[in-house]
Amino acid sequence: MKKLISAILMLALSAPVFAQTAETSSQDFQKWTVKATAGYFPTVPILVDIFGAMFVGIAISAGDSETMEISTPPYAGLEGLYSFNERWSVGGSVGYLGTIWKIVDKDTKELHSKTNLTFIPFTVEGRCNYLSRPAVKLYGSLELGALFSVGDGFNAAFDFQVNPFGVEFGRRFFGAVEFGLGMHYTGMRAGIGYRF
């Protein structure tokens, strides 16, 4: 009798767990994810650009009337993913990163010239969820594609981004933080997204 009572109690206590698993698989699994992200740390193309601008800036500043100002807007990206199951997803990503060089008068700050260097990455993304719960997902991703440079001319280069660790928190609307290394950003980026 004690064994029967124990078995009934165990089944009663485990019922919410089974109900939650069934509910998660049928209602909370969305096939599509759209996410917008931003990160501020400069990456390889931006650092090359900044170092090049520093040499130009030194030459300009040697004169008495002009100086160079450099600004780097944050990286911004938009990605869409299709989930085959709760572990594997594939999709695409597009982004923006760049630098702005301004040559201004040292005294009056009057703008003499301005150069915008814009980099637009188009990549294919693969993602693996290490942990997939209704409100939290831990994942890693790899992006490969092309980095287009628009400015004085139009160029294309190989593009990659490795994000070994990311976390999404929330259900349909969610927040995300990713850590990675590559051509888009180095360090951390954060964003918001929607699953449907």
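**Close-up views of a predicted model**

View 1. At 65% relative accessibility, phenylalanine 173 counts as exposed (buried is under 20% relative accessible area, exposed over 50%, partly exposed in between; 1.4 Å probe, protein chains only). Phenylalanine 173 lies in strand 8, residues 173-182 (strands are DSSP runs of E, at least two residues, numbered from the N terminus). Together with Trp32, Val34, Leu78, Tyr194 and Phe196, Phe173 makes a nonpolar surface patch of about 620 Å². Patch residues have over 30% relative accessible area and no salt bridge, with nonpolar side chains joined within 5 Å; areas come from the Shrake-Rupley method with a 1.4 Å probe, and a salt bridge is a side-chain nitrogen of Lys or Arg within 4 Å of a carboxyl oxygen of Asp or Glu. The model is predicted: local features need pLDDT of at least 70, side-chain atom pairs count only at pLDDT 80 or more, and totals for chains, interfaces and linings use all residues. Residues are numbered from 1 along each chain as its sequence is written, and side-chain values use heavy atoms, without hydrogens and water.

View 2. Strand 2 (residues 66-71) runs antiparallel to strand 4 (residues 88-105), joined by 6 bridges (strands pair if DSSP finds at least two bridges between them). Isoleucine 70 has tryptophan 101 of strand 4 as its bridge partner. Strand 3 (residues 75-83) also pairs with strand 4 in the antiparallel sense, over 8 bridges, and serine 83 is partnered by serine 89. A hairpin is formed by strands 3 and 4, with 4 residues between them.

**View 3. The hairpin of strands 4 and 5.** Over 15 bridges, strand 4 pairs in the antiparallel sense with strand 5 (residues 111-132). Valine 124 in strand 5 is the bridge partner of glycine 92. The hairpin has 5 residues between its strands, and lysine 109 in the turn has a positive phi of about 65°.

Conventions
Patch = residues over 30% accessible without salt bridge, like charges linked within 9 Å, V, L, I, M, F, W, Y side chains within 5 Å.
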